[in-house]
Amino acid sequence: MKRVGLLGCGAIGSEIAFAIDSGKISAKLTHIYDFSKDNSKKLVDKLQNKPVVTENVGLLAASPVDLIIEAASQDAVRDDILSILQNRKDVMIMSVGALLDESIFDIVMDGCRDFNKRVYLPSGAIIGLDGIRAVQDELDLVTLVTTKNPRALKGAKFFETSTIDPDKITTSVVIYEGNAQEAVKLFPANINVAALLSLAGIGSEKTRVKIIADPCASKNTHEIYAEGKFGKFSIKVENVPSPSNPKTSRLATLAAIECLKKICGTPLNIGT
Ligand SMILES: NC(=O)c1ccc[n+]([C@@H]2O[C@H](COP(=O)([O-])OP(=O)(O)OC[C@H]3O[C@@H](n4cnc5c(N)ncnc54)[C@H](O)[C@@H]3O)[C@@H](O)[C@H]2O)c1
């Protein structure tokens, strides 16, 4: 049975931990770390099978686990991914936006090659990445339109330099249009799906992103349009936000759990 370590005990990390604890995933959660001691303690208190809470991320990386799940932040990927790979652990990354930084992407790819390790990127809050990957060489255009309640966008770096105040948005409004490369920097906790689409498709400079803030939106909606020599397709996902973090969609957590099941050797593999 695979031994799993968890970096980040928030909305996604906690749900993954519960899924392991309940036996839904054939794995053992043995070590966890969160820089908020409060968050790791809250999680441990709710688990039947108590993991070790490590004092720092270095001790998590060095712990006797097979796989570490990052469910923390882009900063955590930037600061800790090399040490995790050097300690010869496979890693599942949720804060995928960090990988659009070429230097981080190279560190990850070199680390995988040098230490013979694997990195898993679950499909997160969208569907259709299988199709995007399949037509990767024939794509001319990929666009993502994301609509969220301003509440779910609050705190993004974008608002530090913008004249838009998320608390004062009263009607549906396009607050951002640009490419995925820039979008993940301005909205690091909101638009990981743009990073996934870029990595699977035509790259972060060509992937177009539009963000709409809609005070009436109760769901996190992602609309993807792709076209090229293969034809075209469009996908719309209307996600229920996670109760403990409105920025995160329930689907992102469920996709991570499904990805972990696959890693842990479910005998049935469906889809690409
Ligand atoms: N891939 C996707 O589609 C997708 C979807 C939703 C969220 N995400 C990303 O996944 C990550 C986790 O999401 P969440 O909703 O669980 O967030 P959250 O804010 O609920 O939880 C994050 C936890 O990680 C901890 N943390 C943050 N930075 C840390 C660090 N450097 N070291 C140790 N602990 C750290 C925080 O204290 C918190 O407990 C976020 O980066 C989010 O943007 C990805």
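These are my notebook entries on a predicted model, written as I looked things up.

**Entry 1: the sheet**

I started with the strand order. Five strands make an open sheet, running β8-β9-β7-β10-β11, and the pairing is mixed. I then asked which strands stand at the edges. They are β8 (173-179) and β11 (231-239); each has a single partner strand, so one side of each is left without a neighbour in the sheet. On average, neighbouring strands here are turned by 10 degrees against each other, with direction ignored.

Next I looked at how β8 is held. Its pairing with β9 (residues 208-213) is antiparallel and runs over six bridges. As an example to click on, Gly 178 has Val 209 in β9 as its bridge partner. A reminder to myself: strands of a sheet pair through backbone hydrogen bonds, either parallel or antiparallel.

**Entry 2: helix α10**

What packs on this sheet? Helix α10 (residues 192-200) does, touching β7 (139-148), β9 and β10 (220-228). The direction of α10 makes about 170 degrees with that of β7.

I wanted to know how many residues of α10 are buried. Eight of the nine are, so the helix is largely enclosed by the rest of the structure. Among the buried ones I noted Asn 192, Val 193, Leu 196 and Leu 197. Their cover includes α6 (129-134) and α9 (180-186), along with β7, β9 and β10.

**Entry 3: the ligand**

Asn 192 came up again when I turned to the ligand. Of the 27 residues around the ligand, Asn 192 is one of those that come nearest, together with Asp 34, Asn 39, Ser 95 and Thr 248.

- Ser 73 places a polar side-chain atom 2.9 Å from a nitrogen atom of the ligand.
- Met 94 uses its backbone: an N or O atom there lies 3.0 Å from a ligand nitrogen atom.
- Ala 125 has a polar backbone atom 3.3 Å from an oxygen atom of the ligand.

**Entry 4: cysteines**

I checked for disulfides and found zero.

**Entry 5: Thr 54**

Where is Thr 54? I found Thr 54 in the loop between β3 (52-53) and α3 (57-62). A polar atom of its side chain lies 3.0 Å from the backbone oxygen of Asn 56. Leaving out residues up to four places away in sequence, Thr 54 touches His 31, Ile 32, Tyr 33, Leu 59 and Leu 60.

**Entry 6: positive phi values**

Arg 88 has a phi of about 60 degrees. Arg 88 lies in the loop between α4 (74-86) and β5 (90-93), and is partly exposed at 48% relative accessible area.

Asn 116 has a phi near 55 degrees. Its loop joins α5 (102-115) and β6 (119-120). Is Asn 116 buried or exposed? Asn 116 is exposed, with a relative accessible area of 67%.

Conventions:
Residues numbered from 1 in each chain as written. Predicted model: local features only at pLDDT ≥ 70, side-chain atom pairs only at ≥ 80, totals over all residues. Heavy atoms only, no water. Pairing = 2+ DSSP bridges. Helix = DSSP H or I, 4+ residues; strand = E, 2+ residues; numbered from the N terminus. Axes fitted to C-alpha atoms, helices over the stretch in contact; angles between N-to-C directions. Contact = heavy atoms within 4.5 Å. Disulfide = S-S within 2.5 Å. Near = heavy atom within 4 Å. Polar contact = N/O pair within 3.5 Å; in protein donor to acceptor, adjacent residues only side chain to side chain. Buried < 20%, exposed > 50% of the residue type's maximum accessible area, 1.4 Å probe, protein only.
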